[in-house]
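Hello,

Here is the structure I promised to pass on. Please open it first, then read my notes below.

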There are 2 protein chains.
Amino acid sequence: MKKGCKFGTHRVIEPKGTLPQPAWKIDNDMNIYDNEILIDVQTLNIDSASFTQIKEEANGEVEKIKEIMLGIVEKRGKHHNPTTGSGGMLIGTIEKIGPALEGKTDLKVGDKIATLVSLSLTPLRIDKIKEVRKNVDQVDVEGKAILFESGIYAVIPKDMPENLALSVLDVAGAPAQTAKLVKPGDTVFVIGGTGKSGMLCLYEAKKRAGITGKVICLGTREESVNRVKKVGLADEYIIADATKSVEIMEKVKEITGGKMADVTINCVNIPNTEMSSILATKDDGLIYFFSMATSFTKAALGAEGVGMDTRMIIGNGYTKGHAKISLEIMRESKELRELYEKLYA
Amino acid sequence: MKKGCKFGTHRVIEPKGTLPQPAWKIDNDMNIYDNEILIDVQTLNIDSASFTQIKEEANGEVEKIKEIMLGIVEKRGKHHNPTTGSGGMLIGTIEKIGPALEGKTDLKVGDKIATLVSLSLTPLRIDKIKEVRKNVDQVDVEGKAILFESGIYAVIPKDMPENLALSVLDVAGAPAQTAKLVKPGDTVFVIGGTGKSGMLCLYEAKKRAGITGKVICLGTREESVNRVKKVGLADEYIIADATKSVEIMEKVKEITGGKMADVTINCVNIPNTEMSSILATKDDGLIYFFSMATSFTKAALGAEGVGMDTRMIIGNGYTKGHAKISLEIMRESKELRELYEKLYA
Ligand SMILES: NC(=O)c1ccc[n+]([C@@H]2O[C@H](COP(=O)([O-])OP(=O)(O)OC[C@H]3O[C@@H](n4cnc5c(N)ncnc54)[C@H](OP(=O)(O)O)[C@@H]3O)[C@@H](O)[C@H]2O)c1
Ligand SMILES: NC(=O)c1ccc[n+]([C@@H]2O[C@H](COP(=O)([O-])OP(=O)(O)OC[C@H]3O[C@@H](n4cnc5c(N)ncnc54)[C@H](OP(=O)(O)O)[C@@H]3O)[C@@H](O)[C@H]2O)c1
């Protein structure tokens, strides 16, 4: 059996020297290397931008969608949409585990998992497309896929609906990081606390900051804030536009008696909220930017411009145990689970 | 005397509710608020992008350059170039210190300082332009400026040339952060270690990692790497292109016996080096991105794609004591000072 690289570079066909994700074509031969996992694929969950593009190109015709999808995989060895550049994730069952992983992985043959690395780097072979579910961007297939040694995944829990688990797993990094960053007694400010990732962050923040801490939720709408209030996820609530940095600073100053936040978690889906995050946080505090709309230069120059020594962290979507930590929230909080099922499952 | 906001929002004329930097126009009346510092300005050090634009607009004519500069300050109350959006810094002498700052600042009337916040947020009045030094982007003036309470600055040291001090102060955040992040015994990898900020980082890394640590320098050219070797700033040297992530990973793997770096400092001036930074660093290591060419999304998605839990920090240009720490290097290392004077002063 051939020995593989942890990151799957042994499967890159062209251009050589790159990683599987940026590569144009990778090898989708289903004889595994010693450190790979073979998955029997059940469903592809195509990235929303990618699936929209494919539907348009196919004029919505199912047979044409199938043809385009098969074409992508044939050309590239992975479902990496060349137009949008994006992938998605998949659900399937473990079929084989490379011997080099023995003792290194908790997975067993027969486990049902969701991959948490993008389809844009996952070797895939589609034997047959069984059903295209156009409204939920999901496609049931017969096929196989490979998970690299560095590839992250989550075992699908048996005690909740698959769709609920998928929604939670999509944003799993944020609550897990919150759990690691917040200490007892901290004042935590969650910008975009009313959203899918934000609510999970509030929950973890309250748990970790404890009764001596304070958790502040910011959203823009009465409706979304009331939803969060009803479940009691935070101690204080602000309805405001996070692009208005001075207003946000004043509100947080008032709530904290001038002390400001120890930890700020940014979960918005819009640009230009770096300055609000900086001004709401203590000089020696910490900001975790989960939002993909974060601008590196606005954050770096913004903090310098106001002479703040704040530590600012780039929101890595992965952290150890992130799937476990976030799925556990759905078991701990009946109210949050109900709200989540209503909104996202 | 009127009470001012720490960040200078009291001087914003339009649009209200923003900070002085993004504001279109600020108040440059030179009667200070209780927490402001009045500076008698000697020289404006115009940002290179801004000065290039002004020179072009003026067809290189000195009188026209003066006219454009005076026009900017008259319209905006600050030297905030509306075309490039950038500012610069200034050198001057402390003339007055607001009473609310007593006991809060080390500055004394008569101190000569460089402001380390951008001219794009500094209230400025120019009474006369005395000399335009076109080749070094410097303009000698008679005029006054205001430093806000949150504004950072450095006292110009008397034991080195002004230009040398300015070059060091320009990148002061990087070595100061390095000093704070590196622990004894660490393996430190400086990408772009042959540049202006990189060399200072190497010096601090070596000092902090100590004899049980290991410092690795990456540059692209024989010439620049040899320069650094001669001064002995690192333990190991790599000549390679930092956009080639697999190659970089292999080289660092070889040098570290497979252990990889505890701390990686990214000081390059080109894009697409996020993945090399991630792959060269331990899973539980730390990456400090000082480079302004860093892409937030490439870093966040890149780490997730390879399942790495690496902590990634946005390079805030400011950290407490950064000017002191970086200027001190010029006193400690005669060799580095000579090299710096040759290259940048
Ligand atoms: N780092 C990663 O790996 C990773 C993974 C997944 C997602 N993400 C990113 O995480 C972010 C959030 O994702 P999500 O699924 O949680 O989004 P979401 O459910 O759509 O939530 C968006 C949140 O932003 C708030 N918001 C919108 N405009 C605002 C404004 N002007 N001021 C203040 N708050 C505002 C919303 O508040 P209201 O509803 O009250 O208006 C809501 O709370 C996105 O940027 C996404 O790209 C990152
Ligand atoms: N965060 C902040 O507040 C702040 C403040 C100032 C500057 N900066 C940023 O810091 C960065 C560096 O500034 P600097 O003044 O130190 O720049 P610099 O002196 O021009 O140095 C650039 C370095 O990048 C290296 N480099 C260029 N292309 C490379 C490649 N393909 N692979 C590997 N290395 C490569 C160069 O190596 P060779 O010379 O060997 O080719 C050199 O070591 C810039 O991006 C700047 O925007 C940030």
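A backbone N or O atom of Ala242(A) sits 2.8 Å from a nitrogen atom of ligand 1. Taken alone, ligand 1 exposes 950 Å², and the protein buries 81% of that. Keep in mind that this is a predicted model.

Ligand 1 has other polar contacts in chain A. The side chain of Thr194(A) places a polar atom 2.6 Å from an oxygen atom of the ligand. Lys196(A) takes part through its backbone: a polar atom there is 2.8 Å from an oxygen atom of ligand 1.

Where does ligand 1 lie? It lies between chains A and B. How many residues surround it? The count is 24. The closest are Thr194(A), Lys196(A), Ser197(A), Thr220(A) and Ser224(A). Sorted by class, this shell holds 8 nonpolar, 11 polar and 5 charged residues.

Now to ligand 2. This ligand also lies between chains A and B. Around ligand 2 there are 24 residues. Those that come nearest are Thr194(B), Lys196(B), Ser197(B), Thr220(B) and Ser224(B). The shell of ligand 2 has 8 nonpolar, 11 polar and 5 charged residues.

These are the polar contacts I would look at for ligand 2:

- Thr194(B): an N or O atom in its side chain is 2.7 Å from an oxygen atom of ligand 2.
- Arg221(B): a polar side-chain atom lies 2.9 Å from an oxygen atom of ligand 2.
- Gly315(B): a backbone N or O atom lies 3.0 Å from a nitrogen atom of ligand 2.

Ligand 2 exposes 940 Å² when taken alone, and 81% of that is buried by the protein.

Next, the sheet in chain A. Which order do its strands follow? The order is β6-β7-β3-β4-β5-β8. That makes an open sheet of 6 strands, with antiparallel pairing. In chain A, β6 (124-133) and β8 (153-155) stand at the edges. Each has a single partner strand, so one side of each is left without a neighbour in the sheet. From one strand to the next, the twist averages 30°.

Start with β3(A), residues 37-46, and β4(A), residues 88-97. These two strands pair in the antiparallel sense over 9 bridges. Leu38(A) stands opposite Lys96(A) in β4(A).

Then follow β4(A) to its pairing with β5(A), residues 112-115. Here the antiparallel pairing runs over 3 bridges.

Move on to β6(A) and β7(A), the latter covering residues 138-147. They pair in the antiparallel sense over 8 bridges. Which residue is the bridge partner of Val132(A) in β7(A)? It is Val139(A).

Last, a database note. An unreviewed UniProt entry places the feature "domain: L-erythro-3,5-diaminohexanoate dehydrogenase N-terminal" at residues 10-157 of chain A. In the model, this span is 17% helix and 35% strand. The end C-alpha atoms of residues 10-157 of chain A lie 32 Å apart.

Over to you.

Best wishes

Technical notes
Residues numbered from 1 in each chain as written. Chains lettered and ligands numbered in written order. Predicted model: local features only at pLDDT ≥ 70, side-chain atom pairs only at ≥ 80, totals over all residues. Heavy atoms only, no water. Near = heavy atom within 4 Å. Polar contact = N/O pair within 3.5 Å; in protein donor to acceptor, adjacent residues only side chain to side chain. Areas by Shrake-Rupley, 256 points an atom, 1.4 Å probe, with all protein chains shown as cover. Nonpolar A, V, L, I, M, F, W, Y, C, P; charged D, E, K, R; others polar. Pairing = 2+ DSSP bridges. Helix = DSSP H or I, 4+ residues; strand = E, 2+ residues; numbered from the N terminus. Axes fitted to C-alpha atoms, helices over the stretch in contact; angles between N-to-C directions. UniProt positions renumbered as here; feature names shortened; annotations may be inferred.
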